[in-house]
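Please keep the structure in view while reading.

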Amino acid sequence: MAKLAKRNPKVFYKYVNSKLKARSALPDLLTKDGTRVTSAMDKANMFNNFFSNVFTHEEMNHFPSALNLKTTEALDDIVFTEADVLSLFRKLNVTKSPGPDNIHPRVLKECADELVSPLYTLFKASLSAGELPQAWKVATKPTISPIFKKGSRSDVSNYRPISLTSVCCKTMEKLVRDALLKHTIQNNFLSDYQHGFIRGRSCTTQMLLVVDKLSEIFDQGGAVDTIYLDFAKAFGSVPHERRLLKLQCYGVNGCVLKWIKNFITLRQQSVCVDGIYSAFVNVVSGVPQGSVLGPVLFVCYINDMPESVTSFLFMYADDSKVGR
């Protein structure tokens, strides 16, 4: 089992979890006044209220000025072939869970040759119309699950929402994500200080640059003060219209911008606890956590942050180090 752990970690973790005495079920929750919440329905509604409280309600008359950027070529459409779609389906991880449509990734991978033609037609129609199938956005059974981070398990603020989305939708998102990243890189828009969710960059590349920067200062006899920044509820609080305005500044227009707008807007969410679902609430900001396109859209939104400070700054998604 130890020898196979690197290639097949699920076997190892299944064994470890079988030996753990910790309960995985959600414990009773506590409100701010100390009241204990025990029923699954009350827990689901409590989580849903907390997750929706981070939404940003925009004031349309207080918009920032547009960025003054020049694009060599606008991103109005995305060209992809049936072979591109087939390649993505053949790379699917069959150990992942199916989305709310209950279409398992193993089915899509094993039957890729038969399914690629209708799904390619669906993807092309979705992009040209600038709309997602409604089943990709709101399912019969909502799929927001509270995932524990750290601290007290009875505090709802120590959980984050994860969306279990359609595998077909994620495949479509990969096409849009790759085209968006390629566009920003070709136009030299992407900040050199951002290392999150970008191919060829990682937390390791960021750490190497930080150590190199600090070593250079220390070698010259200097000292460094550093502040570590973390956006609170980053992926849920980014306002829709400002994000879309920034994408337009980056030269994203046409059916691509319309598709992205349809992807992030007009969504609803509900939280599931022990098979019990809360009431629906409208999602007025942010992106679904667990989506493929969401992290790249967030990176584009905060991409120009280094231009707002005079100190050196390094970013990995919403985590940043600013120092002097």
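## The sheet

Two strands pair if DSSP finds at least two bridges between them. The model described here is predicted. In strand S11, Asp-319 is the bridge partner of Tyr-316. Five bridges join S10 to strand S11 (residues 319-323), and these strands run antiparallel.

The open sheet consists of three strands in the order S5-S11-S10, with antiparallel pairing. Strand S5 (226-230) and S10 are the edge strands, each of which pairs on one side only. From one strand to the next, the twist averages 15°. Helix H7 packs on this sheet and touches S10 and S11; the direction of H7 makes about 165° with that of S10.

## Aromatic pairs

How many aromatic pairs does a search of the whole structure find? The search finds 15 aromatic pairs. In one of them, the ring centres of Phe-197 and Tyr-316 are 6.3 Å apart and the planes stand at 35°, so the pair is tilted. This pair links distant parts of the chain: Phe-197 lies in the loop between helix H6 (167-186) and helix H7 (203-219), whereas Tyr-316 belongs to strand S10 (residues 312-316), 119 residues apart. Phe-197 is partly exposed, because its relative accessible area is 38%. Tyr-316, at 28% relative accessibility, also counts as partly exposed.

Another pair is formed by Trp-259 and Phe-263, whose ring centres are 5.6 Å apart and whose planes meet at 10°, so the pair is stacked. These two residues are four residues apart in helix H10 (residues 254-264), and are therefore separated by about one helical turn. Trp-259 has a relative accessible area of 0% and is therefore buried. Phe-263 likewise counts as buried, because its relative accessibility is 0%.

## A ring cluster and two arginines

Ring pairs also link Phe-47, Phe-50, Phe-51, Phe-148 and Tyr-159 into a cluster. Over the face of Phe-148 lies Arg-153, at 4.1 Å from the ring centre.

In soluble globular proteins, nonpolar side chains tend to be buried together. The largest nonpolar core of this model has 55 residues, and Leu-247, Trp-259 and Ile-260 have the most contacts inside it. Among the elements that give two or more residues to this core are helix H5 (112-129), helix H9 (240-249), H10 and S10. Helix H6 provides the largest share, nine residues.

Which residues does Trp-259 touch, not counting residues up to four places away in sequence? Its contacts include Leu-127, Leu-132, Met-172, Val-176 and Leu-293, as well as Glu-131 and Glu-173. A second, separate core of 14 residues includes Val-37, Ala-40, Phe-50 and Tyr-159.

## Pro-295

Pro-295 is located in helix H11 (residues 294-301). Is this residue buried or exposed? With a relative accessible area of 13%, Pro-295 is buried; the reason is that buried means under 20% relative accessible area.

Leaving aside residues up to four places away in sequence, Pro-295 touches Phe-197 and Phe-235. Pro-295 and Ile-198 are 97 residues apart in sequence, while their C-alpha atoms are 9.7 Å apart in space.

Technical notes. Residues are numbered from 1 along each chain as its sequence is written. This is a predicted model: local features need pLDDT of at least 70, side-chain atom pairs count only at pLDDT 80 or more; totals for chains, interfaces and linings use all residues. Side-chain values use heavy atoms; hydrogens and water are left out. Rings of Phe, Tyr and Trp (its six-membered ring) pair if their centres lie within 6.5 Å; planes under 30 degrees apart count as stacked, over 60 as edge-to-face and the rest as tilted. Buried means under 20% relative accessible area, exposed over 50%, partly exposed in between (1.4 Å probe, protein chains only). A charge sits over a ring if NZ of Lys or CZ of Arg is within 6 Å of the ring centre and within 35 degrees of the ring normal. Contact means heavy atoms within 4.5 Å. A nonpolar core is a set of buried Ala, Val, Leu, Ile, Met, Phe, Trp, Tyr and Cys residues joined through side-chain atoms within 4.5 Å. Axes are lines fitted to C-alpha atoms, for helices over the stretch in contact, and angles run from 0 to 180 degrees between N-to-C directions.
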